[in-house]
Each structure stands twice: as structure tokens, then as C-alpha cells.
4 protein chains.
Amino acid sequence: MNEYSFIVWQNRNMGATAKSVRRTASRKQRRQQLIVATIKCIARNGMGSTSIGDVAKEAGLSQGIVNLHFESKDNLLTETLRYVADEYKTQFRKTLDEAGPGAAEKLQALIELDLHPAIMNRQKTPVWFAFWGEVKSRPTYRKICDTRDRYYDEILEDLCTTIIAEGKYRNVSASSVAIALNAMTNGLWLSYLISPRSFDRDQASSAASDLLRSYFPKHYS
Amino acid sequence: MNEYSFIVWQNRNMGATAKSVRRTASRKQRRQQLIVATIKCIARNGMGSTSIGDVAKEAGLSQGIVNLHFESKDNLLTETLRYVADEYKTQFRKTLDEAGPGAAEKLQALIELDLHPAIMNRQKTPVWFAFWGEVKSRPTYRKICDTRDRYYDEILEDLCTTIIAEGKYRNVSASSVAIALNAMTNGLWLSYLISPRSFDRDQASSAASDLLRSYFPKHYS
Amino acid sequence: MNEYSFIVWQNRNMGATAKSVRRTASRKQRRQQLIVATIKCIARNGMGSTSIGDVAKEAGLSQGIVNLHFESKDNLLTETLRYVADEYKTQFRKTLDEAGPGAAEKLQALIELDLHPAIMNRQKTPVWFAFWGEVKSRPTYRKICDTRDRYYDEILEDLCTTIIAEGKYRNVSASSVAIALNAMTNGLWLSYLISPRSFDRDQASSAASDLLRSYFPKHYS
Amino acid sequence: MNEYSFIVWQNRNMGATAKSVRRTASRKQRRQQLIVATIKCIARNGMGSTSIGDVAKEAGLSQGIVNLHFESKDNLLTETLRYVADEYKTQFRKTLDEAGPGAAEKLQALIELDLHPAIMNRQKTPVWFAFWGEVKSRPTYRKICDTRDRYYDEILEDLCTTIIAEGKYRNVSASSVAIALNAMTNGLWLSYLISPRSFDRDQASSAASDLLRSYFPKHYS
DNA sequence: AATGAATGAGGGTTCATTCAT
DNA sequence: CATGAATGAACCCTCATTCAT
């Protein structure tokens, strides 16, 4: 790559990473750059139509780059899923910490996070489903998803336990509620995936609120 | 085909058709046979690893057979999704008709149908997710799924409307409940997909019951 | 084939054969029917895009019919070429016999035959070139074409010999003229093939006349 | 690639490139190498029996190479025709420039070029006919051939115009002669194609001379 | 570290041929 | 004789991977 084309290349990437990625970007940066490109490709074309070449092109790099940094496509995809899961977890954790102070507020905030454009959007939702679609035949994917799921469930169940204790609710168990809430949010992603046009975020949000109110009338009124 | 391979072939087909079908299978039967084989392959290996050759082998037929009956792989997959969706709808309709007599019983029966081994099993669930994984990039898939979804939603909402009227429930709208229930059942499929071992069908069932009871305490007690 | 579809089929073929082809058309009739269909297909789609299935469809018959009557595609094509060559020869012979009375008139008539719409048209010309295109790799084609060519040449040379004797022309040999005339007519077919729109039949015809006049001024004035 | 197969590979390529070209061949060189291989294959096996695999093997390269450099077989063929046409045009132009000084000499030189072994040989002639055989069904081929034809015609007509003016010939028009000469040379190629053994280059040459002499007796005596 | 030409296995598809009906 | 479902080899093309530069 000569000096001129390097500059072109550099500019081309400005949009993607918001800061100058050097030719000798550190290993970690390059990996992330490729993961981000992978996400874009999967979101745009689906898992089945995402080739290593597409990813490289999306990243503005050369053919061989993926195998250089990830050894195999399989690896890239696994790392991509891990990245997506981590990102989700980070936002989840942050919401959990910042919302409050009570368990009820935290719970509601977490539910709403799942409906927030930062999480449920035309980029991320398809990626989740793309990976879920392969879960059955890829044990590694399953494991990563499972971990995320358990984490989510555990925290939801803790919050519910607190809320139930606070409200002395009977007739509902914390685990039941956690299961239902977890399922519901994932299910709403599906509705959004299937009919992104007609999907009404507010309606979904109020459906979630209604549900919480039904479970815990004293907390959500 | 020599004698040995004929017998192999015959046996291989026993499962699918329960009797030796040779060149006489009607066009419709052959198509169904191939669709069933496709479902098995997708469930076993995932969408991305299902080749036309695999499907043909699974059906005990030759390479060219798929293109002979479906013209293209795309077509086969679309027809497979349609088949799966129709099958679901049939069971759904049957449950709706046979359960009863009241709306509450019907609603509960429909929710439980989604958790029933006939619907939620290691074969069908992965197939649904395999197709959902491609929804973003395949408008046809989206449409078929959308239709199924709307149908489901509509009936659930009707039932909820009746129940709400019967019980004079306030604080919940029929559409809210329908959305939440639809989302929840789909979400439970995901939990089942991700952790088929630890997934507890009874727990899921009771979570669903708890939810219904929370919404409509007078009906589910 | 039931009675209704038979009638449909029968009608469909009326145009092609101008008389009722029975279901039990004699072997010879069927063969011709298929050959005619082959010619149409080659003229329309080219040799490379003409499949046995296309031919059968064009003839309004079933897949297997070609192999039934011709054993192989190769055979069908060879027979088609033979048919085309025979047809040409028949018209050539007829022209030779009917034109006259002198050699000069006969020669001119033969040249003009090659430019006549009955011979040089959008159906036949491409077929000739389609076969010539394969001549190098198909000895059988070569032989058939060669035979036709020699026949043509021989007769042309005879006529020229007569004309030269009549006119006591010097400076030209019969074989030279025959070679040139034969080449020219075939070459005009190429011009017609390549630019059927801008090709001017009259201009070609007068070019041929000019040529004859240059060779034999006393005969063509 | 082990040592033995490397040597094999090296030898195989000697003919084509006269020195070991490995992965370094420039894009343009590779394309030409493949085009040359294509020409050989078509000349040897005919258009219909020339597969991408054959071409790659002929070039001593791998299957995927053609699509890497030409994107599709269609493209390769079109470029091959273009190459052949360009090559012809170059030789034509060179002959036109170098022959002379008069128009008559130039004309004769051009006619003789078409009969020269450098142009009319067992490699090139079949290739021309292979492409002409597909002209009807491939508009792109038609266009390329048409362009070549018009170029040829135009120059021939110009030369004839000059000659006619010089010799004050009557009874012939420049366009008539150009058409006839063009047709004749192409037609001679056909004779050569059909009977390469018995085709007599000298006889063809003298037939051409006779023709010129008949048209323009004052110039060719 | 990065490139991109090259590979070759595997995919979807076409189609001449076979054969039970 | 005729059909058309079925076969399976061969095609073109894609793409993960390798490797000389």
C-alpha cells in the first residue's frame, strides 16, 4: 500500500471507528474492527450470506486479514457472538447499577432496556437471531447464549425475590416471574424482527408495564 | 442400483413413508418427503450446513431430485417454512376448536400447546429459529412469519377481550396481554433452544399459569 | 395423456406439421417432427443452449422421446444436420433442373438461390453456422458438410467449364471461379448472420451479379 | 505443493509463458494466459466441450482461477472473442500500412493475409466459427463481429474506390467489390475448416487473384 | 502486520439418459 | 409407443484458507 492509498484507506475507515486506525493497529483494535464489520454484514445480509470477503471489504481491509487475526471464520463468528453478548452484559450491568434505588425501579429499567433503541434495533436484533438460528448445531454458540441467559435470569430472579418480599406477594414465585419476563423480552425482539414497521415500541413498553403491574400491583401503580 | 443398496435404500425410507415408494410417489408426496427431510437436516445441522445433497441423502433420493421438484434450494426452503407454519396453524386451530368451552380454557390450552412436546421439541424449535435467523435478509420468510404471528395475535386478543369483558378486568388491555403472551411463548422457545437440558417444561408451564392468574385472577384460580 | 390433453396437443402441433400427427405417428414422422423442433431450438437459442428437453417441449412431446427415437443427443444432432443438408441439396437440385436452359442461367439461378429468403433466413443461416462451429471437434459434422460442399463445387465447376468454353474466356479457370463463388455465397451468409438488420439482400445480389459479369462479360451483360 | 508437482507445474507452464511464472504474474498477463488457453481449448474441443476446468487445466492453473480473473465464463468467452478480433485487426492494420505503395497492392496484400497461415490455420479458423455459431443467441458476440466486419468492409471499399478511380473501371461499384471480397475470404475460411486436408491454399490464392484480375484487369495482370 | 493472488473443495444447478409405468 | 419421474455426472461458481510478497 503506497502513501496515497493509505490515506484514502484511512479516511475510509474514519467513519467506522471514529478515530484514526493506524496501519499497525494493535492486534486488539484490528480484531474489534473486524468484529464490528462482521456484525454489520450479518445484520445486513444474514449469517448465510456473510462471507469472510464481505467482512474484510466492510472493514476496508484485505482478503486474508480475517484468517490472520482469527485463524478461521468459525473463530471470528464465535468471537463476534462473545462481543455482542459482552456488550449486552455491559449495558445491562450499567442499567442495573444506575437505576434505582429500589428493586422495582431496577427491574423496570432492565425490562425497558431491552426495548430501548440502543438494544433493540435493526442492527442488533437480527444478529442475535442469526446466532440463535445456529445454536442447535454449534455448541459454542449455545454455551455463550446460555451464560448470558442465566446471568439475566439470576439477576431478574433476585430482584423479584426482593420485590415479592417487599410486597408480600403470594401466588407468584420469583423464578416464575423471572422466566416469564425473560421470555417476554426475547419474544418482543422476535416481534420486532418480524414486523419492524408495524412494531410499536410504546405499545410493547406498556404491555411490559401492564405485566409488571399485574404481578406486582403495589409496586407499579 | 444393486440388490444390497436397494435394501439399504428401502430401509432408509421406511421411516419417512412407512412403505416402499419407488418412482411412483405422487408429486405431492415427493415434495412432502423432501420437506420433511429438509426439516430433519436443518434441525440436525442448522440452516447453514444444510445442503441440497444432504436433504436428498436424508430422503434416500438422488442429488437432482430437489431441483426437479422445487426448482431451487430457495424454493425448497420457502416451502419448508410454509409447511412448518401450516402445520403449526393446523394444530393451533384444532386446539382452539377442541378446548373450551370458555375463552379462558381456550386461552390456556393455546398457551400450553406452545409448550407441548408436539410443538416445542428438539426438531421443531431449532427449525423456527433457523428461519427466524434469516428473516432479516429474506423478505419471503418475514412475510410468512408475519402472517403466522398476526393470526396468533388476533385470536389471542379476541380471547382476551372476551375474558376481560367477562371478568370486568381493569388495568389491562386485551392487546397488551396478547402481545405479552405471544412474546412469552416465543421467548420460552428460545430458553428451550438454548438450554434444552435444564429447561423445565413444568416450570415454564407454571410460569405461564402464574402469568395468566396475575392477569385474570377470577378466571384462573 | 387423456383425451382432452391429446386434442390440445394435437392442435398445438397443427401449426408445425400442417396435418394431424397421430399419437402413433410413424417412426419416420416422429423423427422429422423432432428434427424440425431441433432446428427451431438451435435457431432460437443456439447450439449450446439447446437441450433435449427444449426440443421435446418444442415438439410438444415428452422428455424421453428423443432418446427413444434417436438413442442419443449426438445422434439427433447429426441427423438434424443431415436433414438440413438434404433439404438444401433438394432445393439446389430443383433449381438446377428448372433454371435454364443455358449454363449461365443455371449458374446465376444457383447463386441467387443462396440469397433467397427460402435459404438465407433467420432460421436456417444460424443453424448452418451452429453446426460449422462444431465441425472441428465433430468429424461426422465435417464429413456431412464436406459432402455438401464438394457436390456444390462440382456442379459449379461443371457449369463454369461450359460457360468458359462457350465464351472462350481466358485468364480464368473453372475451378477458380467455382471456388470463389462457393466461398462468396457462404461468406454472404456470414454477413447476413452478423448484421441481419443492415444486410441488404439486393446489394448482395447485385454484388454477385457484378462478379459474374466480371468473370463472364459475354454471358452476363 | 510438493517438489515433484512443482516441477510438473513448472514444465506445464513453460510452453505458455516461456519462464516460470508463479503467483507473480500480473493481472493482465494472467488474463491473457487464460485467453490463450481458452483459444486452444475451443480450437481443440469446440465451444460446447470447453469447460472452465479445461481452460484452467490447459493453463496449468486451478479451477477457481477463471472466475477470479473473469468473474464468469461468459465474460471469459467474450474477452476471448475480443482478443481474437483485436489480434486480427492488428495484423490487418499492419498489413495495410506495410503493403503498398498503391491501393492495388494493399488490397491484394489484405486478401492474401486472410489466406496466410498466420491467420487461416487450424487454431484460429475453428475459433472464429465457434463464435459465429453462437452469434445468433449472443448479442455481444454479434456486436464484436459486426464491428470487425464493418472495419474490414470500410477499408476494402476505400481501396476499391481508389482503384476504380485509377483504372476508370465501369460496370463495378466499390461497395459491390468490397462485399464480394469480404464474403469470399470468409467463405474460404469455411472451405478450409471443412476440408483442411484437401484445401489447397495456393489454389485459393490463385482463385482470389483471378477474381481481382477479373474486376480490375488493368491493375492485376 | 498486511496484502491479494491462488487454490481446491463443495455448493447449487442443469441435463442426457434410464426405466417403471 | 410414449411418458415423465428419477438419476448422477458434470457444469459453473463461491469461498475459506494458504502463502509468496
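The copies A and B meet through the same surface, because 98% of the interface residues of chain A are also interface residues in chain B. Contact here requires C-beta atoms, placed from the backbone, within 7 Å of each other. The model is predicted: local features need pLDDT of at least 70, side-chain atom pairs count only at pLDDT 80 or more, and totals for chains, interfaces and linings use all residues. Residues are numbered from 1 along each chain as its sequence is written, while chains are lettered from A and ligands numbered from 1 in the order in which they are written.

Chain A is superposed on chain B by a rotation of 179° with 0.0 Å of shift along its axis (RMSD 0.1 Å). That is the relation of a two-fold axis. Superposition is by least squares on the C-alpha atoms of residues with pLDDT of at least 70 in both copies.

In this pair, 46 residues of chain A contact 45 residues of chain B. On the side of chain A that touches chain B, two or more residues each come from α2 (27-45), α7 (124-135), α8 (139-167), α9 (174-194) and α10 (201-215) of chain A. Helices (H or I, at least four residues) and strands (E, at least two) are DSSP runs, numbered from the N terminus. α9(A) gives the most, with 15 residues. By class, this side has 21 nonpolar, 18 polar and seven charged residues. Ala, Val, Leu, Ile, Met, Phe, Trp, Tyr, Cys and Pro count as nonpolar, Asp, Glu, Lys and Arg as charged, and the others, Gly among them, as polar.

Chains D and C form another contact, with 45 residues from chain D and 46 residues from chain C. The side of chain D that touches chain C draws two or more residues from each of α2 (27-45), α7 (124-132), α8 (139-167), α9 (174-194) and α10 (201-215) of chain D. The largest share, 14 residues, comes from α9(D). This side divides into 21 nonpolar, 17 polar and seven charged residues. A rotation of 180° with 0.0 Å of shift along its axis superposes chain D on chain C (RMSD 0.1 Å). Here 100% of the interface residues of chain D are also interface residues in chain C, so these copies meet through the same surface.

Within chain B, the axes of α7 (residues 124-135) and α8 (residues 139-167) come within 8 Å and cross at roughly 125°. The contact involves F131(B), W132(B), E134(B) and V135(B) of α7(B), and Y141(B), R142(B) and C145(B) of α8(B). Five of these residues are nonpolar, none polar and two charged. Axes are lines fitted to C-alpha atoms, for helices over the stretch in contact, with angles from 0 to 180 degrees between N-to-C directions.

Conventions:
Two residues are in contact if their C-beta atoms, placed from the backbone, lie within 7 Å.
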